[in-house]
Amino acid sequence: MNDFPARQTAEAATDSVLVARADREASRRRTELDRAEALRLLGSVSLGRIVFTQDALPAIRPVNHLLHHDEVIIRTHEGAALAGLTGHAGDEGVVVAYEADAIDPATHCGWSVVVTGYCHLVTDPDDLAHYQALLHPWADHRMSYALRIRPDLVTGLRLSPGPRG
């Protein structure tokens with residue numbers, strides 16, 4: 001006797017219950033952040049990822065940063081791709097995105113912020129010295145350049161526990 005259809009139906013029902021339970025347990029409430037809150041959260045962490053275009057392809061680099069007067073400041077070294085791009089960009093700068101987050105790996109709750117804007121090489125010697133005093137590199141490169149991102153677009157979201165059902 002072949003009980004394959006009955007077994008298949010029972011397995012599908014079990015799978016359906018497991019999927020529904022997993023969806024319920026994994027559900028998170030998503031809340032959009034306003035600009036001020038997104039920038040406040042961005043300033044509360046020191047690590048993020050800068051996204052730019054290199055040779056017509058997207059490039060992403062993890063970097064440490066600071067938020068100063070609502071601008072993202074990063075340091076970089078001579079020969080870095082982004083330092084070269086911004087050095088040749090002129091007044092308009094280079095379009096970049098910058099993302100930082102704090103997501104708890106156990107609860108999957110936290111926040112993520114993305115700023116998009118123009119990146120410029122910091123050329124004022126006083127500003128450069130100020131940023132060098134405040135922002136210390138994590139890598140063993142000599143970081144003699146600073147870059148400033150002026151956010152035109154700021155988006156963010158918070159993930160918090162959803163309703164239990």
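Start at Glu71, which touches Leu66, Arg148, Ile149, Arg150 and Pro151 once residues up to four places away in sequence are set aside; contact here means heavy atoms within 4.5 Å. Before going further, keep in mind that this is a predicted model, in which local features need pLDDT of at least 70 and side-chain atom pairs count only at pLDDT 80 or more, while totals for chains, interfaces and linings use all residues. Numbering runs from 1 along each chain as its sequence is written, and side-chain values use heavy atoms, with hydrogens and water left out.

So where does Glu71 sit? You'll find Glu71 in strand E4, residues 71–76. Strands (E, at least two residues) and helices (H or I, at least four) are DSSP runs, numbered from the N terminus. Is Glu71 buried or exposed? Its relative accessibility is 15%, so Glu71 counts as buried. The cut-offs are under 20% relative accessible area for buried and over 50% for exposed, with partly exposed in between, using a 1.4 Å probe and protein chains only.

Now look at what the Glu71 side chain is doing. Arg148 forms a salt bridge with Glu71, and the closest N and O atoms are 3.0 Å apart. That pair links distant parts of the chain, with Arg148 in strand E7 (residues 145–161) and Glu71 in strand E4, 77 residues apart. Both Arg148 and Glu71 are buried. For the term itself, a salt bridge is a side-chain nitrogen of Lys or Arg within 4 Å of a carboxyl oxygen of Asp or Glu.

Glu71 also forms a salt bridge with Arg150, with 2.7 Å between the closest N and O atoms. Here too the pair links distant parts of the chain: Glu71 is in strand E4 and Arg150 in strand E7, 79 residues apart. Shared partners join Glu71, Asp127, Arg148 and Arg150 into one network of salt bridges. Arg150 has a relative accessible area of 40%, so it counts as partly exposed. The side chains of Glu71 and Arg150 make a polar contact as well, at 2.7 Å. A polar contact is a pair of N or O atoms within 3.5 Å; within protein, one must be able to donate a hydrogen and the other to accept it, and residues adjacent in sequence count only if both atoms are side-chain atoms.

E4 and E7 run antiparallel and are joined by 5 bridges; two strands pair if DSSP finds at least two bridges between them. Within that pairing, Arg75 stands opposite Ala146 in E7. Which other strands pair with E7? Strand E6 (residues 110–121) pairs with E7 in the antiparallel sense over 12 bridges, and Thr116 has Leu153 in E7 as its bridge partner. E1 pairs with E7 too, again antiparallel, over 5 bridges. In that pairing, Arg30 has Leu159 in E7 as its bridge partner.

Let's follow E1 for a moment. Thr31 is in this strand, and with 35% relative accessibility, Thr31 counts as partly exposed. Leaving aside neighbours within four places in sequence, Thr31 is in contact with Gly156, Leu157 and Arg158. Thr31 and Gly156 are 125 residues apart in sequence, yet their C-alpha atoms are 8.5 Å apart in space.

Next comes Glu32, also in strand E1, which spans residues 28–32. Glu32 has a relative accessible area of 53%, so it is exposed. Apart from neighbours within four places in sequence, Glu32 is in contact with Gly156 and Leu157. Its side chain makes a polar contact with that of Arg30, at 3.1 Å. Look across to Ser112 as well: Glu32 and Ser112 are 80 residues apart along the chain, and 9.9 Å separates their C-alpha atoms.

To finish, come back to salt bridges. How many does a search of the whole structure find? The count is 8. One of them joins the side chains of Asp101 and Arg49, at 2.8 Å from N to O. Asp101 lies in strand E5 (residues 94–103) and Arg49 in strand E2 (residues 47–54), so this pair ties together parts that are 52 residues apart in sequence. Asp101, at 29% relative accessibility, counts as partly exposed, and Arg49 is partly exposed with a relative accessible area of 26%.
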